[in-house]
Amino acid sequence: MSALGQRSRALAGRASVLLKWLGLVVPMSMAVGSACALFLWSLERVSQIRFAHPWLLFFLPLGGLGVGLLYYYCGRSAEGGNNLIMDQIHQPGGGVPRRMAPLVLFGTLVTHLFGGSAGREGTAVQMGGSIASAFCQWFRLDAGKVRIVLMAGIAAGFGAVFGTPLAGAVFALEVLVIGRVEYAALLPCFVAAVAADWTCHAWGVGHTHYAIGFLAGEAAPSSFFHLEPWLLAKVAVAAAAFGLASVAFSELSHGLSALFKRLIPYGPLRPVAGGVLVIGLFFLAGTGDYLGLGVSSPDPKAVTIVSFFRSAEIHHWSWLWKIVFTAVTLSSGFKGGEVTPLFFIGAALGNALAGVLGAPTDLFAALGFVAIFAGATNTPLACTLMGVELFGATHIVYIATACFLAYLFSGHSGIYLSQRVGIPKSSFLALPPEICLRDVRGMQTSAMSELAAFFAKRNGAVSGATPPLERRAMPIENTSGILDGNRPAS
């Protein structure tokens, strides 16, 4: 009887804890879902305005100045964005400022209104983190609960903005530490993602639908599962390319960000310079297809994410153009996310590789869509689930293969520098425990500098080892010319 009583009390305690979490997480998620609905509705409106008035692009530097000044004088710690939220989850301290939500909402809408190449995930996650932090302050939660609620805020923002609640929940659990899933927050993140997505839909805001035509008409069991060894080998080759492309995007973004900060110390002027560069890229590319979100366009001939699935035309370099446009936009200080541009880059690269490898175009566009995201964020499980939520389970083996291999080939790089390394991807690389990608990148840069210095010293030693007799045999009148790099007179 006593054992039964103990079990009953344990169950009652668990139910009480569950109800408390539901009472906290559900209202917070509904607030995040409503904010995401407002954001998606507003983003659609400003995108329509930009398409109707293409000349708005030439005001991008002015819009950048406005965003830069706003963050310079009002943003303060909010400038940290997604990395600030991760830092607060790793080590709860000052919290995520409430002003982050309206600031990033306004900054992202300005970026898209004037044609900056950016996404929406960063905005949704930051709004989710800001709103979640506000709930933590209102309920005066301790550090342990703050971590979980902030993670639930990330799950809510991600799940609502993309319409993928399962992927949103797992993304929040997986993104903090490479190689580790935070199961302590499993239920709150799942509830948050589902509640936020439901709330967003309840406001009448929908999402873009994608479809893979390959095997769509096959009868069961092929309609539920398909595996062809030769096609799987092609997927593996493409996955390596997706992983390397994610590294290129991450490293270019971080490198340009550091360059902008070094060349332009005054923060508000960086987006001005970035806006000018984007306008220059527009003229260089000769098209506006790489501006804005890139999901769809009123022009049926435009290159968009949707077109990579539906069009038989192969676009060989669209992925590279989008990398450059987006890296310049976001690195200079404009606001938005990296993920939707990564969807574009991945779908475009998949489209191009399908033509080279002789594979189904729509399937490879879908694989690139999620795999390059897996490589750039180091979240292969979440991206596999996203692929299933968006494209169905027929191609789950190909989706998982692409995401897992892209994650492996991306190495210890990523778009979130506050992400920590729990389990290194390679046993040959010795890293301190819980080191963040920012420090990993610093170590790699230092190692490359030391290697370059070593080879420079070695080459100098080799060139200085020329026998003295050979140097004396050289005609004196030609010596100064050779040292000056000029061709000796004949």
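**View 1. Arg 140, an exposed residue in the loop between α5 and α6.** At 77% relative accessibility, Arg 140 counts as exposed, where exposed means over 50% relative accessible area, buried under 20% and partly exposed in between, with a 1.4 Å probe and protein chains only. The loop that holds Arg 140 lies between α5 (121-139) and α6; helices (H or I, at least four residues) and strands (E, at least two) are DSSP runs, numbered from the N terminus. Although Arg 140 is not a glycine, its phi is positive, at about 55°. The model is predicted, so that local features need pLDDT of at least 70 and side-chain atom pairs count only at pLDDT 80 or more, while totals for chains, interfaces and linings use all residues. Residues are numbered from 1 along each chain as its sequence is written, and side-chain values use heavy atoms, with hydrogens and water left out.

**View 2. The packing of α6 against α7.** Helix α7 (residues 165-174) and α6 pack at an angle of about 145°, with 8 Å between their axes, which are lines fitted to C-alpha atoms, for helices over the stretch in contact, the angles running from 0 to 180 degrees between N-to-C directions. Residues of α6 that meet α7 include Met 151, Ile 154 and Phe 158, and among their partners in α7 are Pro 165, Phe 171 and Leu 173.

**View 3. The largest nonpolar core.** A nonpolar core is a set of buried Ala, Val, Leu, Ile, Met, Phe, Trp, Tyr and Cys residues joined through side-chain atoms within 4.5 Å. The largest one here has 132 residues, and those with the most contacts inside it are Met 28, Ile 305, Phe 309, Phe 364 and Leu 367. Helix α6 (residues 143-162) gives the most to this core, with 13 residues. Apart from this core lies another, of seven residues, among them Ile 178, Val 421, Leu 431 and Val 440.

**View 4. Ser 418, a buried loop residue.** Ser 418 sits in the loop between α16 (396-409) and β2 (420-421), and it is buried, with a relative accessible area of 1%. Leaving aside neighbours within four places in sequence, Ser 418 is in contact (heavy atoms within 4.5 Å) with residues including Asn 83, His 90 and Arg 438.

**View 5. Pro 433 and Glu 434 in the loop between β2 and α17.** Pro 433 counts as exposed, at 76% relative accessibility, whereas Glu 434 is partly exposed, with a relative accessible area of 28%. Phi of Glu 434 is positive, near 60°, in a residue other than glycine.
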